[in-house]
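Hi,

Here is the structure I promised to hand over. Have a look at it first, and then read on for what turned up in it.

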Amino acid sequence: MSQSKLDLASKTTGFVECLGQKFDSEDARREHYLKLLAQKLKDPEFRKIEGFPIGKDEDILALSNPPYYTACPNPWLADFVKGYGTPYDPKQPYHREPFVADVSEGKNHPIYNAHAYHTKVPHRAIMRYLLHYTEPGDVVFDGFCGTGMTGVAAQLCGDRGEVQSLGYRVKDDGTILNEESKPFSKLGARRAVLNDLSPAATFIAYNYNTPMDVEVFEREAKQILTDVEDELGWIYTTLHRVTKEQAAKAVDSINRCKTAKELESAVRALGEKEGTVGRVNYAVWSGVFTCPECASEVNFWEQAVNKKSGEVLDDFPCQKCGALLTKRNTEPARISHFDPALDNVVTQTKLSLVLVNYTVGGKRLEKAADSFDKTLAAKLDSFPITHFFPTERMPVGDESRRNDPAGITHVHHFYSKRNLWLLATMLNRSKHQSLTCALLDGHSVGTQMSRFRASAWASKTTGPMKGNTAGTLYVPSLIGEQNWLNIFKEKIAMIGRAYFEPKLSMVTTGSAFGISLSHSSLDYVFIDPPFGANIMYSELNFLWESWLRLWTNPLTEAVESKTQSKNLDAYRQLMARGFRTAFEVLKPGRWMTVEFSNTKAAVWNTIQSALQEAGFIVANVATLDKQQGSFKAVTTTTAVKQDLVISAYKPNGGLEDRFAKRGETEEGAWDFTRTHLNNLPVVKAKGGQMELIVERDARILYDRMVAFYVGHSTQVPLSAAEFQAGLAEKFPERDGMYFLPDQVSEYDKKRAQVENIGQLSIFVEDERSAINWLRSFLKDRPSTSQDIQPEFMQQLGASWKKWETRPEMSALLDQNFLCYDGTNGVPSQIHSYLSTQFKELRNLPKDHAQLKAKAKSRWYVPDPKKNVDVETLRNKRLLEEFWSYLPEGYAPPALSANKGQTLPGLTVPRPKIPKGKKLKELRTEAVRVGFKHCYQQKDYTTILVVAEMIPDSVLNEDEQLQMIYDTAVTRSGGES
Ligand SMILES: C[S@@+](CC[C@H](N)C(=O)[O-])C[C@H]1O[C@@H](n2cnc3c(N)ncnc32)[C@H](O)[C@@H]1O
């Protein structure tokens, strides 16, 4: 872009200090750093940094305001952190529990709305995490910052009003009190380092997070608006209540124009007659289809839209032959025309201008598009635009090329001609980055992707212009073409309303993995990374970035994408690298919050295993319902349909040091467990109700411990049963959760105030969740098989995984629970249940005949301390099953080395599964036991062999299997 990049902030004169250096003015500061950046850009090594955007030096320099913002990797990040942060000091105490309280922050806030993006986290939600985990002056990092809401939140932690709006009380000395009037934080801005791969995103983030003079901004923006309106407003002219003759004359006058200048004069001349012309607010363009029966053209608006109700018909009749058409069985009509920007003829789907909403004499009116409207649009199409506008071919990609069949193949095709003309003119005049940003923001409503909602239009309940379909580049059949002058007017007002006097942040453009920050230097990380294949940011940002002349480098874009040849595993590896970087730069003992809009279990598990691979330990997972703002305990991963908030911490130096000394011993496992329990929430309460803390469940604790050991590539010293027995011996248990001795009194105090504790909802989808369901059922009511059966059957619904063998309930009971046979005394689990349920059984001794009779044949959950036998037997059976998954002719190394020996647990003959054939059905529990067994035996080959045999989803959907598999790949020197 040719504009001077003098930001409004740089107009401030006076003495300024930046990264320890003094400058006469902001201009001098910027000039100094721009020179340094220009030199840096000449260095080929600098350009090799991962995620370096695609574009020329001059465009990078034009957009940057160094050292605070660079439209490429920022070389001054470490200096900033050194200058403003506090170095890591292991002696400095820091302890926080994960933040688990309810977060409900709507999106309807001027700051949220000022700059649009495909997905955004409301800054007030992030503020809650920041206030919880950090102190004023701490440096926080967001490696996938998008529009930079983490930076906004960091700064607003110093804004009394904003903090109070979260429901907290702020004392005069700045102490912040939570809802229970307990001090938990201090008022004061935090500093942010913000990074994103996309130059468009960081440009918005920078604009959000950089000081500017709002008055100057508004004055200059309005001036541009007035100037451009004077110069180009005529292109939105329409006729108002003229006679037929006048209309014909007007059409004729513009039809004869040979140049844009002539056209302008002709249109302006029409306006000289008071009250006969109006200014278009918006116009509606309709798709045109070809009837497959009679080949006539069918206007979608005319035939499919009921103008009274606004209903859009799925089936609509051809006006000529009456054939019933649908969008799917009908081809769009096409039209070829010369595209001067491409110097070529292009063929596109035909559009017809059908409706015009306009203002005349201060009144808003509407009419069917007439011959003048259509002729003016066609005329405008035929003249070239003299200012710069982008004409790039849309990049390869499912989303970016979705409109290829409609002939919308290049960037400029996404705008109506008059909107393109106006936008190019405005951007050409915009001398300030904030204005440029405001103009780019208008894209959500100002392109051919903007939808016209006939139902809203007919009912007049809301505005009919709906902007684009979020997360896509979809061009609809009814396009709402808005007047860009109005869009810009609105944007200026929005930015003015959202302005909050930002302080200092650092913004950098590149991959989250290429970040140049010192290890253990940051106090907190908040990230909201892309989620699998949901949104292709580089494709969606292409339009914006084409105006900025700088594009996302998609090589390290953390997405699952066929076009980019990135499958789920590639995505996981990228995310793991992102997490590893976050892990490195974070101080030990500090926290990272990952906000994650989950859609698929496999993606969610991928995130979990990537986190653990990076070294983080997950301490809490909750779902965040942005609408109702409720956190719910998460039991199974596939059940989660909402956003997730994962709290994970980097183990402190103490644990790591101790682990290095005695990791593989049992004591190492208990050391880990103690440290982990210390980092888990003690109480989760909501609306006077307490909730179960899933992370304190014995099985989850075991999984975390295993993940920690596998992450350190060491042997796991305890089996699940041994771990559970040890846990029950060493730690107090309450409501099925384990605590440190000094935590339990706090829990008990709270627990005494409530009657019941919230139940976990368990979604049964595989053997493991079925067992969990049975455990939960039997814990509450030890029952006979007949009693359990009907309820159990109801659980085995449609969500059952397709590869997972459906177990018999009797087998599950047999392998995991105990049944009272009526001989010895009644087990306490059944005894306490029966005595609360049946008056007549109350206070009876355990060997009373009546009690025994009632207790007979009831299944119950074994006491963890006595569970080792049940678990050992079960593992043996599962291991047998696992061996049966080996392909024909394959013998695990242990077996080949000791000919004649049987495999541990192999007591049944193996079915012959042909080599290279995948198993259609299996028990994931068997794969878990088998993988763990082979891992302990360092038999990585067998793990890889079995991984080949099982469906990919089994690995993808289980973070522990994934981790073991990855370790096997690394250890055996292969590649996954
Ligand atoms: C969910 S969005 C973040 C939105 C942000 N929280 C906000 O409020 O605007 C995810 C971002 O990750 C970015 N991204 C994708 N791969 C990346 C990578 N390897 N490094 C850094 N950023 C990346 C995308 O460009 C996108 O802006």
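Let's start at the ligand: a polar side-chain atom of Ser511 lies 3.5 Å from one of its nitrogen atoms. That just makes it as a polar contact, meaning a pair of N or O atoms within 3.5 Å; within protein, one must be able to donate a hydrogen and the other to accept it, and residues adjacent in sequence count only if both atoms are side-chain atoms.

Residues are numbered from 1 along each chain as its sequence is written, and side-chain values use heavy atoms, with hydrogens and water left out.

How far can you trust it? pLDDT is the predictor's confidence in each residue, from 0 to 100. The chain averages 87, and 91% of the residues score at least 70. Helices (H or I, at least four residues) and strands (E, at least two) are DSSP runs, numbered from the N terminus. Contact here means heavy atoms within 4.5 Å. Where pLDDT is low, the predicted coordinates should not be read in detail.

Asn195 sits in strand S8 (residues 191–196). Is Asn195 buried or exposed? With a relative accessible area of 1%, Asn195 is buried; buried means under 20%, exposed over 50%, and partly exposed in between (1.4 Å probe, protein chains only). Leaving aside neighbours within four places in sequence, the contacts of Asn195 include Phe141, Cys145, Thr508, Ser511 and Ile515.

Three strands form an open sheet in the order S5-S6-S7, with antiparallel pairing. Strands S5 (169–170) and S7 (183–186) are the edges, each pairing on one side only. Two strands pair if DSSP finds at least two bridges between them, and S6 (residues 175–177) has three to S7. Ile176 has Ser185 as its bridge partner in S7, and Leu177 stands opposite Pro183. Five residues lie between the strands in the hairpin of S6 and S7, and among them Ser181 takes a positive phi near 60°.

Most residues other than glycine have a negative phi, and most peptide bonds are trans. Here are the exceptions I noted:

- Leu19 has a phi near 45°. Leu19 is in the loop between strand S1 (13–18) and strand S2 (21–25), and is partly exposed at 23% relative accessibility.
- Ser857 has a phi near 70°. Ser857 is in the loop between helix H32 (849–855) and strand S31 (859–860), and is partly exposed at 36%.
- The peptide bond from Pro66 to Pro67 is cis, with omega near 5°. Pro67 is in the loop between helix H3 (57–63) and helix H4 (77–84).

Two last stops. Helix H24 (residues 666–678) has 13 residues, which at 1.5 Å a residue should span 18 Å; its end C-alpha atoms are 19 Å apart, which agrees. The expected span is 1.5 Å times one less than the number of residues. The buried residues of H24 include Trp670, Phe672 and Leu677.

Finally, Thr276 is in the loop between helix H12 (260–271) and strand S10 (277–290), and counts as buried at 13% relative accessibility. Beyond four places in sequence, Thr276 is in contact with Thr238, Leu239, His240, Val242 and Leu270.

Happy exploring!

Definitions and conventions:
This is a predicted model: local features need pLDDT of at least 70, side-chain atom pairs count only at pLDDT 80 or more; totals for chains, interfaces and linings use all residues.
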